[in-house]
Amino acid sequence: MAPKPWADEPFALLETPSKTMDKSSHYAIVVASEMTHSHNVLIRGLNSIYQQAPLVKNPQDVEDLLFYCQAWVMMVHHHHETEEETLFPDLEEFTQKPGIMAGNQAQHNAFHDGMEKFSEYAKNTKPDEYKWDEMKAVIDAFAPSLYTHLREEIQTLLDLRQYDSDGVKTVWGKTEDAAKGGKHPHLFEMIMPCVMGNVDKTYEGGIHKEFPPWPFFIPYAVHYWFARSHTGAWRFCPSDFWGNPRPLTFQ
Ligand SMILES: [Fe+2]
């Protein structure tokens with residue numbers, strides 16, 4: 001019997017650079033690897049919607065699905081906002097190359113409007129109006145360009161190996177602090193459960209257990225506190241909040 005589909009398809013997960021490259025040889029490899037972990041979280045989330053949404057019929061399940069979709073969009077936005085506000089300008093300054101991230105910025109713009117339409121669809125659709133074919137068309141309008149961006153940004157970061165390793169490390173430290181910053185109004189009850197539920201600690205043979213670099217109690221806080229108000233939505237996560245993959249709820 002063929003194995004059941006999981007959140008590693010239809011959009012293929014990205015290979016982590018540190019799987020084949022020595023992280024201690026240059027900090028750009030650490031940065032590109034960390035970014036790959038984050039991008040794979042976004043890709044698993046997209047796949048978990050793509051795999052399960054066609055099978056959701058019951059109005060309560062649809063309501064939960066649409067909330068999960070909103071959380072996913074918010075998670076993707078939060079990722080890109082951090083890059084645009086912190087990482088991209090800091091890299092331009094550090095490399096002294098204005099426009100070094102312009103290609104990545106242009107890619108952000110290419111999928112932004114389509115993702116906004118998806119967010120509106122998820123917010124405004126009543127459970128009894130939901131149709132997978134309609135939502136699939138909305139997702140298909142932006143998902144390929146988002147995916148291309150998530151893949152290509154890793155190479156841009158690997159190309160930073162031509163610059164000073166310690167300087168790259170300093171820039172990345174600022175981005176990590178910004179990503180952890182609690183300014184986003186829905187960081188705790190939407191973005192964090194969505195991130196934690198899309199981690200896979202077993203990926204590539206379990207060599208990336210250090211991701212996400214958060215204190216050990218965070219999964220407990222998410223599970224027992226932050227995720228409580230929307231437990232139905234988090235059924236769509238492909239992993240539990242500790243990063244253990246589990247069978248998809250709808251399959
Ligand atoms: Fe990114």
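The protein has nine helices and zero strands. Helices (H or I, at least four residues) and strands (E, at least two) are DSSP runs, numbered from the N terminus. Along the sequence the pattern reads α-α-α-α-α-α-α-α-α.

This is a predicted model, in which local features need pLDDT of at least 70, side-chain atom pairs count only at pLDDT 80 or more, and totals for chains, interfaces and linings use all residues. Residues are numbered from 1 along each chain as its sequence is written, and side-chain values use heavy atoms, with hydrogens and water left out.

**Overall dimensions.** The C-alpha trace spans about 55 × 40 × 35 Å along its principal axes. The radius of gyration is 18 Å, which agrees with the value near 18 Å for a compact globule of 251 residues. That radius is taken over C-alpha atoms, and the globule rule is 2.2 Å times the number of residues to the power 0.38. Of the 251 residues, 53% are buried. Buried means under 20% relative accessible area, exposed over 50%, and partly exposed in between (1.4 Å probe, protein chains only).

| Site | Feature | Angle |
|---|---|---|
| Glu-9 and Pro-10 | cis peptide bond | omega about 5 degrees |
| Phe-211 and Pro-212 | cis peptide bond | omega about -5 degrees |
| Gln-96 | positive phi, not glycine | phi near 60 degrees |
| Glu-204 | positive phi, not glycine | phi about 50 degrees |

Pro-10 sits in the segment before α1 (27-52). Pro-212 is in the loop between α8 and α9. Gln-96 belongs to the loop between α2 (59-95) and α3 (102-124). Its relative accessibility is 63%, so Gln-96 counts as exposed. Glu-204 is in helix α8. At 16% relative accessibility, Glu-204 counts as buried.

**Surface patches.** Like charges are joined within 9 Å, and nonpolar side chains (Val, Leu, Ile, Met, Phe, Trp, Tyr) within 5 Å.

Phe-216, Phe-217, Tyr-220 and Tyr-224 make a nonpolar surface patch of about 520 Å². Accessible areas come from the Shrake-Rupley method with a 1.4 Å probe. Phe-217 lies in the loop between α8 (203-206) and α9 (218-224). Its relative accessible area is 43%, so Phe-217 is partly exposed.

A patch of negative charge gathers Asp-128, Glu-129, Asp-133 and Glu-134 on the surface. Glu-134 is in helix α4 (residues 132-140). With a relative accessible area of 38%, Glu-134 is partly exposed.

Definitions and conventions
Patch = residues over 30% accessible without salt bridge, like charges linked within 9 Å, V, L, I, M, F, W, Y side chains within 5 Å. Salt bridge = Lys/Arg side-chain N within 4 Å of Asp/Glu carboxyl O. Lys, Arg positive; Asp, Glu negative; His and termini not counted. Charge placed at Lys NZ, Arg CZ, Asp CG, Glu CD.
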